[in-house]
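Hi,

Here is the structure I promised to pass on. Have a look at it first, and my notes on what turned up follow below.

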Amino acid sequence: MTNDALTAPTRMGEPSFADLLDSRGEDAYLLAKSGAVVIPSRGRAESVLSAEARTATADFGRDAQRAMRHLEIGEWDALTIEAEDRMFALAPLGIGGEHLALVAVPADTGAGYARRLLNRVAARASSLLMVKG
Amino acid sequence: MPETVAGFIERIAHAPHVRLALAVSQRDGLVVHSAGEDVKDAATVAALFASLYRRATAVARAHNGGETRFVRFEASGGDVLASGAGTLVLVVIVRMGANLGRMRLELLRAREMKQ
């Protein structure tokens, strides 16, 4: 367990990823398999995603893992989505990939940056999940 | 002569480390064109990744990302790359060692191809 996990800046005592994010154009979440927010980007006010967002990510890890196993190319590690206005990176976390780390950065950011941010968010989220037990 | 979707799929399937290349109908997940060493499995792969591509575009849209151009699924033994091209999704399954930068550029260019 790292000091970083215990001292992550919070609003109202709740953990967030605020200190890992460079600008207002960046977001990071830890999601449950239902798509609900477990750890928000910057604070409690941002802890509710739209129904469309929750539905899009619900059970995503399970379905991606099933597809990778069918192809026999190993476990699903990460997904990068390049869209017109933003770039996204997602990765499974926890036992059986029951959680999902998601980061969003501006579209003109390099894919390598999005993956590095995802790695930092995933490391923080894994530590926080261990603290929560 | 401009390259067709079928020609693109055939050509990409012969690139180093490519296992399978597909053009899949976005609407119903059915194979339109396929080529590669795993072509016998094309129908199942097409259905799986058409669904995942739709889900990925929904994630982007729900988080104010706009239109999705390209997705990459990373696994410990390879990658699956996909890009929407009109009513189709172009899917390329590669082993470790594939030139992912080249594949990405090819798929992004292929978005404008005549279907």
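On chain A's side, 23% of the area buried against chain B comes from A:Leu71, A:Ile73 and A:Glu82, more than from any other three residues.

Before you read on: this is a predicted model, where local features need pLDDT of at least 70 and side-chain atom pairs count only at pLDDT 80 or more, while totals for chains, interfaces and linings use all residues. Residues are numbered from 1 along each chain as its sequence is written, chains are lettered from A and ligands numbered from 1 in the order written, and side-chain values use heavy atoms, without hydrogens and water.

The contact (heavy atoms within 4.5 Å) draws 34 residues from chain A and 34 residues from chain B. There are four salt bridges between the chains, meaning a side-chain nitrogen of Lys or Arg within 4 Å of a carboxyl oxygen of Asp or Glu. A:Glu82 turns up here too, in a salt bridge with B:Arg104 (2.8 Å, N to O).

There is also some strand pairing (at least two DSSP bridges between two strands). E5(A) pairs with strand E3 (residues 68–75) of chain B, antiparallel, over seven bridges; strands are DSSP runs of at least two residues, numbered from the N terminus. In that pairing, A:Thr80 sits opposite B:Arg72.

Cheers

How values were computed
Buried area = accessible area lost by both parts, 1.4 Å probe. Helix = DSSP H or I, 4+ residues; strand = E, 2+ residues; numbered from the N terminus.
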